[in-house]
Amino acid sequence: MSDGFGLVVRFSLRDQEAAMAFDELCAITLEGIKTTEPETLTYVVHVPEGEPLVRVFYELYSDRAAFDAHEAQPHTKHFLAEREQYLAGVEVAFLNAIAGKVAAQQ
């Protein structure tokens with residue numbers, strides 16, 4: 001298993017209007033990730049059950065360099081610059097893998 005480099009980010013959104021705009025911003029950002037970041041292995045946006053104003057991102061990169069490359073992309077910089085207007089709070093947890101199973105890459 002590759003060690004990878006992962007993180008979980010929990011965003012609390014101001015209100016439903018902010019949540020809708022944040023979701024649109026995420027969709028635009030995801031298009032850039034899908035087309036230009038082969039070393040971003042997983043990037044998923046979740047809505048926890050019963051928490052409509054929360055978004056949880058799970059991100060897994062092949063290594064720290066891939067994460068750094070992600071952070072340097074224009075679509076990521078745009079996301080980081082625009083997201084604050086929608087947020088009530090943010091929590092970030094960086095993850096170190098100790099065991100697991102990953103899907104085979106095709």
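Trainee: How many salt bridges does the structure hold?
Mentor: First, the ground rules. This is a predicted model: local features need pLDDT of at least 70, side-chain atom pairs count only at pLDDT 80 or more, and totals for chains, interfaces and linings use all residues. Residues are numbered from 1 along each chain as its sequence is written, and side-chain values use heavy atoms, with hydrogens and water left out. A salt bridge is a side-chain nitrogen of Lys or Arg within 4 Å of a carboxyl oxygen of Asp or Glu. The number of salt bridges in the structure is five.

Trainee: Which residue meets Arg-10 in a salt bridge?
Mentor: Arg-10 lies in strand β1, and its partner sits in the loop between β2 and β3, so the pair ties together parts 41 residues apart in sequence. Helices (H or I, at least four residues) and strands (E, at least two) are DSSP runs, numbered from the N terminus. The N to O distance is 2.4 Å, and the partner is Glu-51.

Trainee: Is Glu-51 buried, partly exposed or exposed?
Mentor: Buried means under 20% relative accessible area, exposed over 50%, and partly exposed in between (1.4 Å probe, protein chains only). Glu-51 has 29% relative accessibility, so it is partly exposed.

Trainee: What is the N to O distance between Lys-34 and Glu-31?
Mentor: Both residues lie in helix α1, three residues apart, about one turn of the helix. An α-helix has 3.6 residues a turn, so residues three or four places apart point the same way. Lys-34 is exposed at 62%, while Glu-31 is partly exposed at 44%. Their side chains meet in a salt bridge, N to O, at 3.8 Å.

Trainee: Which residues are buried in helix α2?
Mentor: Helix α2 covers residues 64-72, and its buried residues are Ala-66, Phe-67 and His-70. They span an arc of only 100 degrees around the axis, which puts them on the same side of α2. The arc is that of the directions from the helix axis to the C-beta atoms. Their cover includes β1, α1, β2, β3, α3 and β4.

Trainee: Which residues are exposed on the other side of α3?
Mentor: Start with the buried set: His-75, Thr-76, Phe-79 and Arg-83. Their arc is only 100 degrees, so they share one side of α3. They pack against β1, α1, β3, α2 and β4. On the other side, the exposed residues are Pro-74, Lys-77 and Ala-81.

Trainee: Which side chain makes a polar contact with the side chain of Arg-55?
Mentor: Arg-55 sits in strand β3 and counts as buried, at 5% relative accessibility. Beyond its neighbours within four places in sequence, its contacts (heavy atoms within 4.5 Å) include Val-9, Phe-11, Phe-22 and Val-45. A polar contact is a pair of N or O atoms within 3.5 Å; within protein, one must be able to donate a hydrogen and the other to accept it, and residues adjacent in sequence count only if both atoms are side-chain atoms. At 2.8 Å, the partner is Asp-23.

Trainee: What distance separates the C-alpha atoms of Ala-21 and Tyr-86?
Mentor: Ala-21 is in helix α1 and is partly exposed, at 23% relative accessibility. Tyr-86 is 65 residues apart from Ala-21 along the chain, yet their C-alpha atoms are separated by 7.5 Å.
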